[in-house]
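Student: Can you walk me through the aromatic rings in this one? Keep it short, please.
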Amino acid sequence: MTEQMYRVALASRPQGAPAAENFRYEAVPMPEPAEGEVLVRVHYMSLDPYMRGRMDDAKSYAAPVPIGGTMEAGGVGEVIASKSAAFQPGDFAFGMFGWATHGCLPAKMLRKIDPAQAPITTALGVLGMPGFTGWHGLTAYGQPKAGETLVVAAATGPVGSMVGQVARLAGLRTVGIAGGADKCKMATETFGFDVCLDHRAYDSARDLRAALSEACPDGIDIYFENVGGKVLEAVIPLMNNFGRIPICGMIAWYDAGALGAGAAAEGLTAPALWRNILVKFLSVQGFIISNHYDRYGSFLKEIAPKVASGEIAYVEDVAEGLENAPATFMAMLKGGNHGKQIVKLI
């Protein structure tokens, strides 16, 4: 066993969009598992938009990464040492190992992965937290019904693509919004969306709303909120009475700081937003997926067979090398990824 491992630490808090100087790649001592703990050599780690919020020192549902602390991330890899009867060397496990080549955690904080059932990378995307987030948010709060219309932005990401596919299988009209012609093509051809609009092709929320109105001739029953910003402003006036809005994220505002709280008001002011919610009887539900893992078994039971059969498709964008994680993360926040963003470490 080598005596050192590598990690990416938070060197400073970003002011606006993250920059290279906010990260530090460094060698640190290899941990040794204590009783009940497991040491894992991470093969793949996940990059997700929520990590931008962890870089801010703002009160939220989870503590921020401290300056000098390892950037937070889920990872999957091989057990190389174990002081728990639950894991043996050679097993594969998922855990919150951070942006690091190795991780040492209590066995109770790990989930055993069977490489024979699905590629281990799926534990980071379609069968992991992002896929589960999309499935739970849609089924619990979107309450889809056949014949309705759903809109979801970031439609080719692991959350949006799960939302769209589950809705399509339930008999809904599915309208995606994505950044760029290639992503829109992926949304319709790979993930089966009925229509996908390129938000970059519209200069204003008004223009995007006009295109959405054509794509949703019967209005919008479910808006799965991933991005906020111009898309939210375009969608709200098109919502039908008794529409549902599960709120998963608001990536368009994250770089404003304080988890988006610092964003300047746009055309959709608070009075206009609240009036639409009131007079259209809308149901708006924010959720954090970590509060709902009691449903994870049900998610796997329903979705894993569909992934195995190809009924649910997924796309992974795999970057190489931990040292490249900061640049890959910064590009992802600007829409540079195509599918679930993963970093291969070994």
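Tutor: Start with a definition. A charge sits over a ring if NZ of Lys or CZ of Arg is within 6 Å of the ring centre and within 35 degrees of the ring normal. Keep in mind that this is a predicted model.

Student: Okay. Which residue lies over the face of Phe87?
Tutor: Lys112 does. Its distance from the ring centre of Phe87 is 5.2 Å.

Student: New topic. How many aromatic pairs does the structure hold?
Tutor: There are 14 aromatic pairs. One of them joins Phe132 and Trp135, and this pair is stacked. The centres are 6.2 Å apart, with 25° between the planes.

Student: Why does that count as stacked?
Tutor: Because planes under 30 degrees apart count as stacked, and here the angle is 25°.

Student: Where do Phe132 and Trp135 lie?
Tutor: Both are in helix H2, residues 129-142. They are three residues apart, about one turn of the helix.

Student: Is Phe132 buried or exposed? And what about Trp135?
Tutor: Phe132 is buried, because its relative accessible area is 0%. Trp135 is buried too, with 3%. Another pair is Tyr296 with Phe299, and that one is tilted: 5.8 Å centre to centre, 40° between the planes.

Student: Which helix holds Tyr296 and Phe299?
Tutor: Helix H8, residues 296-309. Tyr296 and Phe299 are three residues apart there, about one turn. Both are buried.

Student: Last one. Which residues form one aromatic cluster with Tyr293?
Tutor: Phe132, Trp135, Tyr296 and Phe299.

Definitions and conventions
Residues numbered from 1 in each chain as written. Predicted model: local features only at pLDDT ≥ 70, side-chain atom pairs only at ≥ 80, totals over all residues. Heavy atoms only, no water. Phe/Tyr/Trp six-rings, centres within 6.5 Å; stacked < 30°, edge-to-face > 60°. Helix = DSSP H or I, 4+ residues; strand = E, 2+ residues; numbered from the N terminus. Buried < 20%, exposed > 50% of the residue type's maximum accessible area, 1.4 Å probe, protein only.
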